[in-house]
Amino acid sequence: MQLAATIHAVAQQALQCINLTTHIAQHPRLGVLDHVSLHPLGPEATLSLAAQAAVAIGQQLSQQPLQLPVYYYGAAHPAGRRLAEIRRQLGKQQLQASAPLFDS
């Protein structure tokens with residue numbers, strides 16, 4: 001899947017280029033790859049297919065060589081947890097590692 005390969009390449013580049021211990025920005029973030037959002041587009045696309053793609057891409061990012069922590073939300077999360085809920089939970093834990101958040 002070309003989308004998965006592109007997201008993987010972006011994650012690799014971000015990990016090589018961004019150091020959050022020295023990075024200053026206005027927007028709060030949990031990691032160098034903070035959020036990947038997938039939406040169904042087109043007449044044959046469904047929310048279920050977008051969620052399946054999000055999970056597949058997240059699983060790929062969590063494996064070697066990147067081994068990123070991945071948190072799913074929306075249709076990609078088994079219980080449908082909302083992004084705001086996950087951000088609050090992770091923010092309280094002061095997560096500093098790269099943690100892509102996936103939804104569909």
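Ala76 is buried, with a relative accessible area of 8%; buried means under 20% relative accessible area, exposed over 50% and partly exposed in between, with a 1.4 Å probe and protein chains only. The model is predicted, so local features need pLDDT of at least 70 and side-chain atom pairs count only at pLDDT 80 or more, while totals for chains, interfaces and linings use all residues. Residues are numbered from 1 along each chain as its sequence is written, and side-chain values use heavy atoms, leaving out hydrogens and water.

**Overall architecture**
- The chain holds three helices and three strands, where helices (H or I, at least four residues) and strands (E, at least two) are DSSP runs numbered from the N terminus.
- Starting at the N terminus, the order of elements is α-β-α-β-α-β.
- Of the 104 residues in the chain, 35% are buried.
- Contacts (heavy atoms within 4.5 Å) between residues at least 6 apart in sequence join residues at least 24 apart in 67% of cases.

- Ala76 sits in the loop between β2 (71–72) and α3 (83–92).
- Its C-alpha atom is separated by 9.1 Å from that of Leu47, 29 residues away along the chain.

**Helix α2**
- Helix α2 (residues 47–62) has 16 residues that should span 22 Å at 1.5 Å a residue, and its end C-alpha atoms are 22 Å apart, which agrees; the expected span is 1.5 Å times one less than the number of residues.
- The buried residues in α2 are Ala50, Ala51, Ala53, Ala54, Ile57, Gly58 and Leu61.
- Viewed down the axis of α2, these buried residues fall within an arc of 160°, so they line one face of the helix; the arc is that of the directions from the helix axis to the C-beta atoms.
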